[in-house]
Amino acid sequence: MKMILDERGKKYILKPGAEFQSDLGIVKADVLDNAQIGDEVKSHLDHSFKIVKPNVNDFIDLMERRCSILIKKDIGQVLAHTGLGAGSRVVDAGTGAGAIALHFGNVVGLEGKVFTYEVREDFAEVARRNITNIEVKNKNIKEGIDEDNIDLIFLDLPKPFEIFEEVMESLNVGGWLAVYAPYIDQAETSYRVAKKLGFYDIEIIETLERGLEVRTQGVRPKTRMVGHSGYLLFARKL
């Protein structure tokens with residue numbers, strides 16, 4: 001699969017065998033099909049475009065959305081904290097548009113498996129159009145987790161702690177529970193329930209992200225930062 005990048009930095013996923021059209025002109029299908037990653041092509045209006053290999057973040061930037069998505073700082077914490085890798089089996093609940101499910105699928109690869117539960121039919125349908133190597137289930141996970149031998153269960157739900165007993169049963173020994181909670185009371189209740197059920201290594205994390213400005217005069221932190229988005233709770237079955 002290829003992506004095309006215009007002079008403004010705007011990107012588009014290319015469809016095989018189809019020409020590309022934008023306000024900067026048309027690039028013929030045969031030109032695109034013969035172009036290699038890294039090549040530059042011209043439109044009929046003489047604008048330049050770069051051919052790029054897309055990654056998971058490009059797909060997320062361009063995918064259809066009807067709801068908010070988890071952002072990179074939180075997704076990165078989940079992937080790093082739980083040690084997810086090739087061949088892992090993951091259950092995700094609260095699919096939304098499928099952003100974190102895409103990252104899970106990208107990490108576990110063809111040897112792994114991702115099952116994502118979404119109670120809203122319209123969101124589930126959007127997710128099916130956005131992701132291809134992941135099983136999207138239009139089902140309320142509170143009705144039961146169908147899978148077992150799971151390495152990570154990620155919950156983005158209003159009351160995730162209500163299914164922690166089922167989570168414990170479905171996880172492998174050494175497997176992780178991860179919860180995304182916008183509000184501190186959700187995270188606190190999740191902590192107390194996880195501890196009561198015998199989970200180990202329980203902690204709540206909030207990640208704040210601040211970039212740096214590089215100027216001629218010097219380097220300083222940006223005045224705006226990506227502050228609170230949500231709390232992440234992690235707990236392990238041992």
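Reader: Is Asp-201 buried, partly exposed or exposed?
Author: Asp-201 counts as partly exposed, at 45% relative accessibility. Buried means under 20% relative accessible area and exposed over 50%, with partly exposed in between, for a 1.4 Å probe and protein chains only. This is a predicted model, in which local features need pLDDT of at least 70 and side-chain atom pairs count only at pLDDT 80 or more, while totals for chains, interfaces and linings use all residues. Residues are numbered from 1 along each chain as its sequence is written, and side-chain values use heavy atoms, leaving out hydrogens and water.

Reader: Where is Asp-201 found? And what is its phi?
Author: Asp-201 is in strand β12. Its phi is near 50°, a positive value in a residue other than glycine. Helices (H or I, at least four residues) and strands (E, at least two) are DSSP runs, numbered from the N terminus.

Reader: What about phi at Asn-149?
Author: Asn-149 has a positive phi of about 55° and is not a glycine. Asn-149 sits in the loop between β9 and β10 and counts as partly exposed, at 46% relative accessibility.

Reader: Back to β12. In what order do the strands of its sheet run?
Author: The order is β9-β8-β7-β10-β11-β15-β12, an open sheet of 7 strands with mixed pairing. Two strands pair if DSSP finds at least two bridges between them. The edge strands are β9 (135-137) and β12 (200-205), each pairing on one side only. From one strand to the next the twist averages 15°.

Reader: How do β10 and β11 run?
Author: Strand β10 (residues 150-155) and strand β11 (residues 171-181) run parallel and are joined by 5 bridges. Leu-152 stands opposite Trp-176 in β11.

Reader: Which strands does α4 touch?
Author: α4 packs on the sheet and touches β7 (89-93), β8 (113-117) and β10. Its direction makes about 165° with that of β8. Contact means heavy atoms within 4.5 Å; axes are lines fitted to C-alpha atoms, for helices over the stretch in contact, and angles run from 0 to 180 degrees between N-to-C directions.

Reader: And α7, which strands does that touch?
Author: Helix α7 (residues 184-196) packs on the sheet against β11, β12 and β15 (231-236). The direction of α7 makes about 175° with that of β12.

Reader: Stay with α4. How many of its residues are buried?
Author: 8 of the 10 residues of helix α4 (residues 99-108) are buried, so the helix is largely enclosed by the rest of the structure. Among them are Ala-99, Leu-102 and Val-108. Just after α4, Gly-109 takes a positive phi of about 70°.

Reader: What does His-103 touch?
Author: His-103 lies in helix α4 and is buried, with a relative accessible area of 10%. Not counting residues up to four places away in sequence, His-103 touches Val-56, Asn-57, Ile-60, Ile-75 and Leu-79.

Reader: At what angle do α3 and α4 cross?
Author: The axes of helix α3 (residues 72-82) and α4 cross at roughly 35° and come within 11 Å. Ile-75, Val-78 and Leu-79 of α3 meet Ile-100, His-103, Phe-104 and Val-107 of α4. By class, that contact has 6 nonpolar, 1 polar and no charged residues. Ala, Val, Leu, Ile, Met, Phe, Trp, Tyr, Cys and Pro count as nonpolar, Asp, Glu, Lys and Arg as charged, and the others, Gly among them, as polar.

Reader: Other sheet now. Which strands form the open sheet with antiparallel pairing?
Author: 4 strands, in the order β2-β1-β6-β5. β2 (11-13) and β5 (40-42) stand at the edges with a single partner strand each, so one side of each is left without a neighbour in the sheet. Neighbouring strands here are turned by 30° against each other on average, direction ignored.

Reader: Over how many bridges do β1 and β6 pair?
Author: Strand β1 (residues 3-5) and strand β6 (residues 48-52) pair over 3 bridges, in the antiparallel sense. The bridge partner of Leu-5 in β6 is Lys-50.

Reader: Last one. How many helices and strands does the chain have?
Author: The chain has 7 helices and 15 strands. Of its 238 residues, 44% count as buried. The C-alpha trace spans about 65 × 50 × 30 Å along its principal axes.
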